[in-house]
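Dear colleague,

I am passing on the structure below, and my notes on it follow. Please look through it before reading on.

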Amino acid sequence: MPFTKYLRATAIAAATLPALAQAEVLSEDNPTIRSFLCVGFNCADQDIAGIDDFRVKDNTIRIHFDDVSSSSSPDNDWRIMINDSASGSDEYFAIQDATRGPQIFRLSAGAPENALFMAPTGRIGLKTSMPLRELHMVDANTVTLRMDQRGGSAPVQVWDINANHNAFYVTDISNSTTPYRIEPGAPSDSFSIESNGFIGLGTNAPEELLHIRTTADNTDAFALFDAAGSGSDSAFRLRQNGVTPTTWEFRNQQDSGRLNVGIAGGNTPFKIDNAANNNLLRLGRNGRPDEVIVTGKLVVNNTEMNVPDYVFEPGYKLKTLAEVDQFIAENGHLPGVPSAADVAATGLDMTRMQLAQLEKIEELTLHSISQDKQLSAQQEEIAQLRAMVETLVEAR
């Protein structure tokens, strides 16, 4: 019914009520009702106000705000909606954009106390009436913020930001992974990104693109590259795009356990076996910075650089000088030494040549010792013969 007729009816009804229950309608043109007001087909003749000043009572409650402004002025309509009308449907409080249709705000029945709370400071609390930040979320279990991309042309992607007593972590729900995690008690500046893009681990003032720092006693600043998957090598690369663009890589090879240092996708000039002994190679030592110390066997071009002391071992077959003379006459070079033709054909292996020369020196040393022994024996024999001659001469 028109509102003026409704007011007249309300005034007539009020006149028949006891004095304490009467509503006072002061004007039909600009009405003021100084009492409880119930609107709806299900209002009783004498609805009891209780704590309410205004009540809407029906089985389908809708309050429509119909703006009849001209099209050149803001004229969007709004509606407050309470519950669905069909049996078993949803129970809620909602605000609908009545002009365009969608519900833009909705509170479901049964929501916990302080499900949505705005403090005088403007801070919003979810399940708390004491928000301490602009948005404060409280839950007895894991507190989660979900970000869900769906409904467009792009594939569905869902992320969760979670926090509980175990960790703060980000979960990729679509792919069932947790790519980011921080445990409670992590020290300050565990991870820091500066405005220049430098990343600090253990420092908020990184001096390089990646700066790892520890201030704890007896704690090493290690970086661990851990390839835990089957058939996977662990490696890192150094790349520059200068005059000679090059990418070097340090690779822990999974099938051999060897450390390979080489060009990515190219040659590997340096290798260290995982079973190598300790301190095989040392560059410099106390007071002698220019020394290169090799404590093991040095092998160059598959030739062991081991002093050929086998020449002095018992049983070594030392060629006689006559045999050496015959070999030279037949071949034109010392036995065990590359010929000029070999060097011209395959090049000069300095390591092999040095070892061969040392072997010849040691053999010559043995020949010299043998000749010295022969000379000593001859000198002694000559002395004896000379003494015998002198004795014979004196006896004449």
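**Surface and overall form**

The accessible surface of the chain comes to about 30200 Å², and 53% of that belongs to carbon and sulfur atoms (Shrake-Rupley method, 1.4 Å probe). This is a predicted model, in which local features need pLDDT of at least 70 and side-chain atom pairs count only at pLDDT 80 or more, while totals for chains, interfaces and linings use all residues. Residues are numbered from 1 along each chain as its sequence is written, and side-chain values use heavy atoms, with hydrogens and water left out.

The C-alpha trace spans about 190 × 45 × 40 Å along its principal axes, and the chain has a radius of gyration of 51 Å, whereas a compact globule of 396 residues would have one near 21 Å (taken over C-alpha atoms, with the globule rule being 2.2 Å times the number of residues to the power 0.38). Of the 396 residues, 15% count as buried, a term that means under 20% relative accessible area with a 1.4 Å probe and protein chains only.

**Two local sites**

Asp160 counts as buried because its relative accessibility is 6%, and its side chain makes a polar contact of 2.7 Å with the side chain of Arg146 (a pair of N or O atoms within 3.5 Å, where one must be able to donate a hydrogen and the other to accept it, and residues adjacent in sequence count only if both atoms are side-chain atoms).

A search of the whole structure finds 1 disulfide (cysteine sulfur atoms within 2.5 Å), which joins Cys38 to Cys43 with an S to S distance of 1.8 Å. This link is left-handed, with -85 degrees about the S-S bond.

Best regards

How values were computed: Buried means under 20% relative accessible area, exposed over 50%, partly exposed in between (1.4 Å probe, protein chains only).
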